[in-house]
Amino acid sequence: MDKKDLFDQITEVTRNTEDLLNKLHETQSAMTEIMEENAELKIENQHLRARLEQATANEHENEHTKNTKHGLSKSLQNLEKLYASGYHICNEFFGKHREGEEECAFCLTVIYGDR
Ligand SMILES: [Zn+2]
């Protein structure tokens, strides 16, 4: 192998190493993003579980008073509250955050029925 070949080879190895490092950094930031998202989802999930437990407890407490002055049962009111705090309560997207507080026809049907 002459000196020129050797030099070319070093240049190529250097370039490949740089490529690899860039990819490594990209992967690292993607990983960080995923971990952050995961942490957020964990908190959101905890939050939802707590609310659901609360809603279920309230429902048991108020089983004898099915309908309130608003015409919604206690459990529906709790779902309404959950919906109002920005979460889906429909079967389709239950527990997901409503993007930009957009209205969801599925959720509204769950709360208010097909009226
Ligand atoms: Zn929904």
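Modeller: A word on terms: helices (H or I, at least four residues) and strands (E, at least two) are DSSP runs, numbered from the N terminus. This is a predicted model, where local features need pLDDT of at least 70, side-chain atom pairs count only at pLDDT 80 or more, and totals for chains, interfaces and linings use all residues. Residues are numbered from 1 along each chain as its sequence is written.

Colleague: Fine. What order do the elements run in, from the N terminus on?

Modeller: α-α-α. That is 3 helices and 0 strands.

Colleague: Compact globule or more spread out?

Modeller: More spread out, because the radius of gyration is 27 Å, well over the 13 Å that the globule rule gives for 115 residues. The radius is taken over C-alpha atoms, and the rule is 2.2 Å times the number of residues to the power 0.38. The C-alpha trace spans about 90 × 30 × 20 Å along its principal axes.

Colleague: Which residues carry the "coiled-coil region" annotation?

Modeller: Residues 24–58, according to an unreviewed UniProt entry. UniProt positions use the numbering here, feature names are shortened, and annotations may be inferred rather than shown by experiment. In the model that span is 100% helix and 0% strand, with its end C-alpha atoms 50 Å apart.

Colleague: How do H1 and H2 pack?

Modeller: Helix H1 (residues 3–61) and H2 pack at about 160°, axes 8 Å apart. Axes are lines fitted to C-alpha atoms, for helices over the stretch in contact, and angles run from 0 to 180 degrees between N-to-C directions. H1 and H2 are therefore roughly antiparallel; the cut-offs are under 35 degrees for roughly parallel, over 145 for roughly antiparallel, 65 to 115 for roughly perpendicular, and oblique for the rest.

Colleague: Which residues of H1 and H2 meet there?

Modeller: Arg51, Ala55, Asn58 and Glu59 in H1 meet Lys74, Ser75, Asn78 and Leu82 in H2. Contact means C-beta atoms, placed from the backbone, within 7 Å.

Colleague: And H2 against H3, at what angle do they cross?

Modeller: Roughly 155°, with the axes of H2 (residues 74–84) and H3 (residues 105–112) coming within 9 Å. Leu76, Leu79, Glu80 and Tyr83 of H2 make the contact with Cys107, Val110 and Ile111 of H3.

Colleague: New topic. Where does UniProt put the "binding site"?

Modeller: At His88, Cys90, Cys104 and Cys107, again from an unreviewed entry. They are spread over 20 residues of sequence but cluster in space, with a largest C-alpha distance of 8.4 Å.

Colleague: Where is Cys104 found?

Modeller: In the loop between H2 and H3.

Key:
Two residues are in contact if their C-beta atoms, placed from the backbone, lie within 7 Å.
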